[in-house]
Structure formats: C-alpha cells, structure tokens
Amino acid sequence: MSSKDGYYLPHRATWPWIGTAGLAIMLAGFANVLNNSVIGKPMMIIGFATVIIMMVGWFTLQSIESESGMYNPQVSISYRLGMMWFIFSEVMFFAVFFSALYYVRDLSVDWLAGVGDGPGRSTNMLWEGYQSTWPTNGPGNVGGDYEPMSAFGLPLLNTLILLSSGVTVTWAHWGLIIKDRQQLIRGLIATVLLGFLFVFFQGIEYHDAYTEMGLTLGSGVYGSTFFMLTGFHGLHVTIGAIMLTVVLFRSWKGHFTPDNHFVFEAAAWYWHFVDVVWLGLFIFVYLF
Amino acid sequence: MSAVTSAHDAHDDHGPKKGIMRWLTATNHKDIGTMYLVFALVMFFVGGAMALVIRAELFEPGLQFVNPQFFNSMTTMHALLMVFGFMMPAFAGFANWMIPMMIGAPDMALPRMNNMSFWLLVAGGVLLSSTLFMEGGAPAAGWTLYPPLVLQTGDSLPFAIFSVHLLGVSSIMAAINIVATIFNMRAPGMGLMKMPMFVWTWLITGFLLIAVMPVFAGAVTMLLTDRFFETSFFDAAGGGDPVLYQHIFWFFGHPEVYILILPTFGLASTIIPVFARKPLFGYHSMVYATVGIAFLSFIVWAHHMFTVGMPIAGNLFFMYSTMLVAVPTGVKVFNWIATMWKGAMTFEAPMLFTVAFVVLFTIGGFTGVMMAIAPLDAQYHDTYFIVAHFHYVLVPGAVFMIMAATYYWLPKWTGHRYDEKLAKIHFWLSVISVNVLFFPQHFLGLAGMPRRIPDYAVQFADFNMISSVGGFLFGFSQLIFLYIIITTIRGGKKATGEVWEGAKKHGLEWTLPSPAPYHTFVKPPKIK
C-alpha cells in the first residue's frame with residue numbers, strides 16, 4: 001500500500017495526546033495558581049514542560065518526514081492551507097481586543113460622561129463631573145494617576161525594528177531561492193536578532209510603565225487595553241522569533257531547497273502577520 | 001490534486017492496533033469519528049440528566065429538590081455540555097466519518113492534528129465537568145457567562161475559562177482540518193458544485209468556527225483578567241462597560257448557533273433526496289443560501305441585546321439584518337419540500353426524524369422572526385418564550401437531525417441494520433414528548449415567566465407541570481435510542497453496501513461495503 005507519490009498518512013499520533021495532557025495540566029495548574037492553591041505552580045511547570053517537549057518532538061518528526069521526501073506537493077498544500085487559516089484565526093483573536101479598544105474609546109467612555117443619547121447619563125450620580133477623554137482610567141480613577149505611553153521613543157524605535165525585520169526576512173527568502181546560502185543565513189540571523197531586540201525593548205517599555213509612569217494593567221480601561229494588546233502581541237513576536245530561530249537552525253543544516261521550504265514560508269508569513277498587527281497597534285494604541 | 005494513492009508507513013498492513021493505544025494514537029478518520037460520536041452520546045445523557053434536574057425542580061412551584069445556586073449551575077452546565085459536549089462533537093463525528101468518504105479521499109488532510117482535536121475536546125470536557133465538584137460549585141451565571149455576575153463565581157471560574165480555551169482550540173483545529181480536506185483532498189472530477197450538501201455546509205461551518213471561536217476565547221480571557229489581574233474591561237469605574245462583553249460574546253454567540261444549524265441543514269439535504277428518491281431541488285440555490293446565511297450570521301449579533309440600551313439606530317439595524325436571515329432559510333425549507341413533491345417516499349426512521357425536523361424547525365424559525373422585531377422583543381427577552389424558541393430550533397431541530405443521521409449511517413458504520421420497529425417507537429415517543437415539553441413554554445413566556453429561575457409565581461404552575469412531564473418522557477425515550485445504538489453495534493441483520501434503495505446515486509459512501517473498510521478510497525474514484 002505504500003507509495004512514495006501518494007498522500008502521506010501517518011499511521012499513529014503519539015505526540016498529540018501527550019501535548020493535550022500537558023496543555024490540560026498546565027492550564028489546570030494555572031487555574032490553581034489563580035485560586036492560591038499550592039499545587040498550581042508544580043502543575044504549571046510540568047504541564048508547560050510537556051507542551052514544549054511535545055512541540056520539539058512533533059516538529060522534529062515532521063522535519064525528518066519532510067527530509068525523507070515523504071511529503072508530496074498535495075501534502076504541502078494541506079500544510080499551507082493549515083497555516084493560512086491558523087493565522088486568520090489569530091487575526092480574529094486580535095480583532096477582539098482592537099474592537100474592545102474601539103468600543104470603549106469611541107462609544108462607552110462618552111456614554112459614561114453623559115455624552116449623546118446613550119445609557120450613561122446616570123453616571124454623574126456616582127462620579128460627578130467625569131469628562132470623557134482618552135486615555136482614561138475611568139470615572140473612578142482606577143489604579144491611580146498614570147502617564148500614557150507616548151508613541152515617540154521606544155514604540156517608534158520598535159516600529160522601525162519590526163519593519164526592518166520584515167525586509168531582512170524577505171531578503172533571506174530571496175537568498176534561499178537564488179541559492180545564496182550566505183544571504184539566507186545572514187538575513188535570518190538579522191531577523192532573529194531584530195525580533196528579540198523588539199521583545200527586549202518592549203520589556204523595557206513595560207518596566208518603565210510599571211515603575212516610573214504608574215501605568216499598569218490596573219490603570220482602568222486604558223491600562224487594560226494597552227497591556228492586553230501589546231502583551232499578546234509581544235507574546236506572538238516571541239513565538240515568531242523562536243520559529244525563525246528554528247528555521248535558521250534548519251537552514252544552517254541545509255534542510256531547505258528553492259522548491260521545497262514550506263516551514264520557512266510559514267514562519268515568514270507568521271512574522272509578517274505579527275508585523276502588520278504591530279502597525280495597527282502603533283497607530284491605534286500609541287499614536288491616536 | 002496530484003495524489004495517485006495514499007502512502008502509509010511500512011508496518012501498516014496488519015490493520016488497526018489493539019487496545020487503548022489504538023484510540024490514544026488514532027489517526028484514522030473513522031476511529032476518530034467514532035470517538036467523537038461516543039463522547040457526544042455520553043454527554044447527551046449527562047446534559048440530559050441536568051435538564052431533568054431542572055424540570056424536576058420546576059414541576060411544581062416552590063423549592064423541592066435543589067438550592068437556587070445549584071439550580072443555576074444546572075442551567076449553566078446543561079447548556080455548556082449540550083452545545084460544546086454533545087452537539088458540536090456529534091457534528092464533528094459525522095464530519096470525520098463521512099466527509100472523506102463523500103469526497104473520495106483516503107482520510108482527512110492532517111490526521112495527527114485530527115487526533116489532537118479530539119483529545120483536546122476530552123480535556124476541555126473533563127476540566128469543565130470537574131467544576132461541579134469544586135468549592136463554590138460549577139459556574140452558575142448562565143452559559144453566556146455575563147459579567148459582573150460571573151465574576152462572583154467561586155474557585156471554578158478559571159477552570160471554566162480554561163476549558164473554553166481548550167474546547168476552542170479543539171474546534172479551530174478541527175475546522176482548519178475540515179476546510180483543508182475539502183479544498184485539497186477531493187477526488188479528481190469532484191468540482192465544488194458537485195460536492196454533497198453535507199460537505200458544503202461543513203465547509204462553511206468550518207469558516208465560521210475559525211472566525212468566531214477566537215472571539216469567544218478573547219471574551220473569556222477578558223473575564224479572567226478582570227477577575228484576577230485588575231483590568232477594567234467590564235467595570236464602569238475604570239471606564240469599561242459590561243455591555244462590551246455582551247457585544248463580544250454574541251459576535252461569537254450568534255455565528256455559533258449557525259455553526260450548530262448549518263450541518264443540520266446539510267444532513268436534511270442529504271437524507272430527504274434519498275427517501276424521496278429524487279435529486280435535491282435547487283442544489284445551486286441551496287449552496288448560495290448557505291453562504292448567505294453564514295454571511296448574515298456575522299451582522300445580527302445584537303438581536304440578543306435589544307434591551308441593553310443600545311442607541312435606536314443599533315436596534316433598528318440589527319432588527320432588519322436579523323429579519324433578512326429568514327429569506328435564505330426560507331429558500332432551504334422550500335427546497336426540502338420541493339424535493340419531496342411528487343417523490344416516491346418511504347418513511348423509515350431517518351426520514352421520520354427529518355420530516356419532523358422540517359416542520360418543527362420552521363416553527364422555531366417563526367418565533368425567531370417574532371423575536372427579531374426589536375420592540376416586541378422587549379416583551380419576549382429573558383422569558384420562556386426565548387427558551388422555547390431556541391429549544392425548538394435545537395432539539396427538534398439539530399438534535400432530531402443528529403438522530404436521523406445516526407439511523408441513516410449506522411448500517412454503514414456497523415454493517416448491521418438497526419431495529420426499524422424500535423426506531424419508529426423512539427421517533428413517535430420523541431416527537432410527541434418534545435412538543436409537550438417545549439410548546440407550553442411559549443405560553444409561559446408570553447404570560448411573563450422569566451428565564452433562569454428555580455421557583456415561579458403560582459399562575460405559571462400548570463404549563464410548567466405539563467412541560468416537566470414532557471421532559472421526563474422525552475428524556476427516558478432516549479434510552480431506547482441508546483439501546484438501539486448498542487445492539488446495532490453488537491449485531492443485527494447484515495446491511496448491504498447501498499443500504500437504502502437507490503442511495504448509490506446520492507453519495508459515494510453507498511458505493512462502499514458495509515461496514516466501511518478501515519481504509520477507503522486509498523485510490524481516488526473517478527467522478528463523472
């Protein structure tokens with residue numbers, strides 16, 4: 001029944017159920033941590049470690065399968081469709097937080113201040129004289145005084161970093177296609193370095209916010225939207241940079257050919273997605 | 001579509017593994033489909049038991065059996081388990097079993113991810129069910145988990161939230177797999193407009209799942225941070241708004257109910273032509289209507305929120321868009337009836353359930369149009385009228401089609417014919433009791449009985465008693481269904497490959513032997 005040109009169907013799946021158990025234990029552990037139960041932390045660590053082991057194991061298995069030529073072009077299409085639709089689901093996840101930002105900033109904060117014929121006119125009974133502005137930490141001044149994060153400074157630098165990294169990854173891609181190994185490796189190294197540099201600067205920005213600016217997750221709805229949007233974004237940059245590191249490693253080992261380099265493309269697509277989300281963030285969270 | 005044959009590892013030819021590892025490491029779409037269906041069946045009875053706790057308490061006015069907190073947990077968990085533990089997995093089970101066979105593919109596009117989808121479902125279900133045993137009890141704020149009330153949930157809140165994340169990832173992965181399979185694995189010659197309607201409806205349902213499950217994840221993540229990390233998404237003191245949650249939730253929630261009903265429609269379009277011995281009327285319009293319904297499903301969400309104080313322009317927009325959905329839905333109902341018109345009909349169990357579906361779902365659809373009219377919804381909202389509406393479209397709607405499809409395909413899966421006489425008894429008991437159970441709830445709602453209450457004013461007593469009688473009758477009738485499934489798996493009259501007269505014309509699966517071999521369409525068939 002085996003045919004090298006046929007659509008590869010794996011016979012058994014060992015990593016998925018292991019990864020599922022790990023994910024479940026990790027999340028149950030996190031829930032226990034949130035409930036102040038001591039068993040939470042060890043569960044989280046074991047669960048997280050299991051998930052990492054699963055990812056390494058499963059992706060290594062696929063990389064071996066790919067290098068052994070077990071994937072025909074039809075399989076490659078399945079992977080492409082999978083990655084595209086996965087990125088679309090991530091776009092929808094970010095869209096939720098952007099929508100929340102739009103709703104509070106342009107609708108409900110106004111209503112809280114009694115503007116328009118919305119429902120908030122009774123706010124003045126609880127908080128007199130609340131004016132609708134943005135940024136705001138609400139009529140209750142939740143979290144105390146804070147300084148909003150200016151776009152000019154680290155955020156602008158980070159924008160340049162990410163945009164440049166989009167260029168370097170594309171340059172690396174061209175290097176792969178024209179079989180210029182140096183260009184490929186250098187481009188990937190530059191991209192990975194820029195990616196981790198972004199995360200580093202974002203960390204500094206968060207540190208400044210918490211220690212000097214009084215801006216925290218608890219700073220009303222401005223703090224909430226700021227940190228959730230930039231936080232999830234930073235997480236995705238980290239994941240993307242790790243993916244690119246793996247791609248760098250595999251490129252170093254000579255795994256990719258000009259005709260067959262789906263994982264490189266998948267990581268590049270993810271990276272561009274992360275870049276586009278940042279542009280949205282820069283405009284709507286930092287600038288305006 | 002360059003696949004000539006499918007390839008396996010070298011040591012495959014001695015059939016599936018034995019024991020628990022067969023199921024833990026399953027990549028075969030039939031095995032995974034079976035697991036989904038078994039899981040769904042178990043959850044059907046668990047969720048059903050919770051419904052009976054509710055109906056027992058509501059049998060008479062006063063509090064007889066449970067305390068109000070537990071009652072609220074029952075209503076919350078009944079809904080969550082039925083939607084996420086029974087209906088979605090049942091449709092996923094049908095998708096896994098049947099889509100590859102219907103399109104002439106050897107398996108799903110990404111079999112290992114398929115495995116993970118299933119086990120993530122189990123993990124999420126276990127995490128959610130375990131909340132019943134935690135301090136503070138299971139979540140009791142309603143399946144919609146509205147803040148600020150839900151933020152008062154005890155220790156179970158983070159567990160419930162993380163179970164939603166796990167279930168969401170499970171669904172997104174399954175949907176991606178289904179979409180990739182339908183786009184990439186069809187046999188040569190099967191163009192998109194030649195696909196069976198069940199495949200079309202699952203393709204579109206797949207898009208909906210990928211688009212909106214992340215939205216639900218985002219909503220519950222904000223609940224988590226509002227409770228544990230001091231964010232103010234839904235707290236007015238911080239500048240937030242509880243209504244924001246409702247917008248986000250229902251942006252997910254409305255497409256979610258179409259995720260439940262589109263595969264249902266696909267099943268109806270599958271079964272009616274076979275039992276009417278006529279091709280489906282208006283295949284093209286059925287496809288366009290499904291696309292239309294899916295598109296509209298994204299722009300109607302706030303009809304669940306007509307009474308929150310939206311500006312009137314908002315209420316008007318959502319009223320118009322919601323009423324519009326009746327149009328493509330009506331096209332479908334008309335086409336099903338037109339398919340039956342002048343058909344040579346027989347009424348075995350699958351067809352009985354399907355005909356009941358067409359009539360009773362339409363009743364549910366009519367009450368939907370009533371509720372779409374925003375000023376009238378002011379009366380219906382949060383009453384039993386709403387409860388009656390959605391139970392009509394879900395129970396004699398989606399659930400009846402799940403039962404119809406089970407009877408339809410049991411012979412293909414097991415190789416045995418089910419007991420037709422017992423199945424007919426199951427049908428008649430179900431269809432009568434489901435109406436006794438839910439029809440009076442329309443009157444209760446119009447008379448003003450609110451939802452989600454364990455005790456009620458004395459004028460609602462009679463219809464509540466009738467409804468509860470119907471509920472217990474319906475619940476116990478499902479034991480017949482369970483009995484039929486188990487005995488058919490274990491034995492029974494041998495089924496042919498075609499099973500139903502003339503079925504070969506209506507689907508590729510009927511060209512295969514019954515039970516279907518472990519590997520089918522290793523070489524894709526030629527489609528004319």
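This is a predicted model: local features need pLDDT of at least 70, side-chain atom pairs count only at pLDDT 80 or more; totals for chains, interfaces and linings use all residues.

Colleague: OK, so what span should helix H2 of chain A have, and what are its end C-alpha atoms doing?

Modeller: H2(A) runs over residues 40-67, which is 28 residues, so at 1.5 Å a residue it should span 40 Å. Its end C-alpha atoms are 40 Å apart, so the two agree.

Colleague: Which residues of H2(A) are buried?

Modeller: Met43(A), Gly47(A), Met54(A) and Ser66(A). What covers them includes helix H1 (15-34) of chain A.

Colleague: And what follows H2(A)?

Modeller: Gly69(A), with a positive phi near 75°.

Colleague: Which residues are buried in H6(A)?

Modeller: Among them are Leu184(A), Gly187(A), Leu188(A), Val192(A) and Phe198(A), and also Gln202(A) and Glu205(A). The buried residues of H6(A) pack against helix H5 (154-177) and helix H7 (220-252) of chain A.

Colleague: What happens just after H6(A)?

Modeller: Gly214(A) sits there, and its phi is positive, about 70°.

Colleague: Let's zoom out. How many helices and strands does chain A have?

Modeller: Eight helices and one strand. Along the sequence the pattern is β-α-α-α-α-α-α-α-α. The C-alpha trace spans about 75 × 45 × 35 Å along its principal axes.

Colleague: How much of chain A is buried?

Modeller: Of its 288 residues, 42% count as buried. As for contacts in chain A with a separation of 6 or more, 67% are between residues 24 or more positions apart.

Colleague: What about domains in chain A?

Modeller: Chain A is divided into domain 1 (11-70) and domain 2 (73-102 + 143-287). Their centres, taken over C-alpha atoms, are 23 Å apart.

Colleague: Which elements of chain A have the lowest and the highest mean pLDDT?

Modeller: The lowest is helix H4 (residues 123-126) of chain A, with a mean of 66, and the highest is H1(A) at 98. Chain A as a whole averages 93, and 95% of the residues score at least 70.

Colleague: Noted. Switching to the interface: how many residues of chain B are in contact with chain A?

Modeller: There are 65 residues of chain B in contact with 63 residues of chain A. On the chain B side, the elements that each supply at least two residues include strand E1 (6-7), helix H4 (111-130) and helix H5 (156-184). H5(B) gives the largest share, eleven residues.

Colleague: What's the make-up of that side by class?

Modeller: The side of chain B that touches chain A has 39 nonpolar, 18 polar and eight charged residues.

Colleague: Last one. Where is Ala447(B)?

Modeller: In the loop between helix H13 (420-446) and helix H14 (461-490) of chain B. Leaving out residues up to four places away in sequence, Ala447(B) touches Gln459(B) and Phe460(B).

Colleague: Why does Ala447(B) count as partly exposed?

Modeller: Because it has 14 other C-beta atoms within 10 Å, and a residue is buried with 20 or more and exposed with 12 or fewer.

Methods
Residues are numbered from 1 along each chain as its sequence is written. Chains are lettered from A and ligands numbered from 1 in the order in which they are written. Helices (H or I, at least four residues) and strands (E, at least two) are DSSP runs, numbered from the N terminus. Two residues are in contact if their C-beta atoms, placed from the backbone, lie within 7 Å. Domain bounds come from an automatic or database domain assignment. Ala, Val, Leu, Ile, Met, Phe, Trp, Tyr, Cys and Pro count as nonpolar, Asp, Glu, Lys and Arg as charged, and the others, Gly among them, as polar. The expected span of a helix is 1.5 Å times one less than its number of residues. pLDDT is the predictor's confidence in each residue, from 0 to 100.
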